[in-house]
Amino acid sequence: MKHIKPMPPAIGIFCFALIVRVIYNNTVAYHYYPLHDSAYYQGIAFHLLNEHCFCLESYVPTVARAPLWPFTIAGISLIFGPSDYFARLFLSLIGSGTCVLVYLFARDLFGWRIGVLAGVFAAIYPELYIYDGWLYTESLYTFLLFAVCYGLYRLQRTPERNWQIWITCGVLLGLLSLTRQNGIIVIGVFIVWANIMVWQKVLSWRVTARGVLVTTLIAFVLIAPWTIRNYLVSRTFIPVAIIDGGVLLGAYNNEALTRASYMGGPKGTWINPIVSRPDIVRPFPLHTCTPPCEVAREAAFKDAAVQWIRANLSVMPHLLELHFINMWQPDTYESDLPTVRFPQQQPTQLVLRMMKTWPIYLFILAAFGLAVTLWRWRELLFIYFMIFLTIAQNIIYYGIPRFRAPIEPMLILLAAGFIWSLTYNKKGTIRWMIDKIRHKDQISTNTPGQSDSSLTSSETFTGNEQIITSDK
């Protein structure tokens, strides 16, 4: 029965979240078809099916994209046909799984009532389900990262019987890295986390040493075949993908300081290097760049970005500040997002209003939640690491709301912690501290002001109590 009881809320939250996402895909995203990065991922998937080539263009291999999502689209297309709709339904299942993880995590930390509240909020929170309606990697990456966070938390709960969790975390870290190349950094953070857990005596060093070895080995075994493939086509060591140069060049240029990437948008984001630095882009072919060409192009882009930074050190603090601020813009704007492409639809208007307001409330609650749950830092340490890492990456590269997506479930978890602290009378919570202060006030109020009559009644009560005892 212990294994059955948690299931009904989890199933209910999954079904509710799935209904929300299916409705979104059949209303706001009804007319959606892939553009920009979505089209790149789908194009690679179709080349995999038709030419057995991981290519952006026909028979021209690429090392500029991580493989897991294109391979997933290819598998879905092989079964259901070349339609983006079924890939979006798959993302809806993944997003619903994220909501279940939010419920499980919050339940284990704060009790099942707060867990259900957090899971339901995750199901209807717009900045989670909008990513289940287009073919970007946000939804898949967010699910895998949050699953790693929950798995590592479970390791602390069952330190001696956890080999299945160590193995699962290894698989998740490998898949995370194959979804986005910066997922490899999470493996390094995981090793740091494990050492701190040993230092704090949360985990034993022998079990942890073996577990870390097994987990990292599994992750690298999953990544290794793709690394070998990249070396064979490019003659360069590329663990997953190479795209940092283009990102840096688009973020560090004169245009990024003076213009927005879209009308009415914030400055300090990413301007396509074709527009911002055509002099650097021009020597490289746009559509037929082979893997060695891509490696040379990314190196040239990175060098140009570094040179710009060195020549503009005086404006760097302002630019980095913009990166941080832009990350916390409440609503996500992407040219391929259904809410941007089909803004006149009535359902879209509702979602847009939610996107502009709900994240602000979540940020406030999460900030308070971070403050009131710091005393439980051991349980939440990996969450803290992931939030800090995401912020750091946004500052270094560039910040937009979409890049905040991996930590949205973590913000919901922290907000749930604040509500728990207000409503649960357990040691360390806000309610516990308030009740403790009230109790002290009552004692201090009654003690010095005791009257003779109260004393007499007390003595009388004691006497009566003695009489009753003697009668018995």
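Predicted model: local features only at pLDDT ≥ 70, side-chain atom pairs only at ≥ 80, totals over all residues.
Let me start with two cysteines, Cys 53 and Cys 55, which are both buried, where buried means under 20% relative accessible area, exposed over 50% and partly exposed in between, with a 1.4 Å probe and protein chains only. Residues are numbered from 1 along each chain as its sequence is written, and side-chain values use heavy atoms, with hydrogens and water left out.

Cys 53 and Cys 55 form a disulfide with their sulfur atoms 1.5 Å apart, a disulfide being a pair of cysteine sulfur atoms within 2.5 Å. The structure holds two disulfides, and the other pair, Cys 289 and Cys 293, has its sulfur atoms 1.9 Å apart. The torsion about the S-S bond of Cys 289 and Cys 293 is about -95 degrees, so this disulfide is left-handed. Cys 289 counts as buried at 6% relative accessibility, and Cys 293 counts as buried at 17%. Cys 15, by contrast, is in no disulfide, and the nearest cysteine sulfur, that of Cys 99, is 12 Å away, which is too far for a bond.

Asn 25 is buried, with a relative accessible area of 1%, and its side chain joins that of Arg 88 through a polar contact of 2.8 Å.

Note on methods:
Polar contact = N/O pair within 3.5 Å; in protein donor to acceptor, adjacent residues only side chain to side chain.
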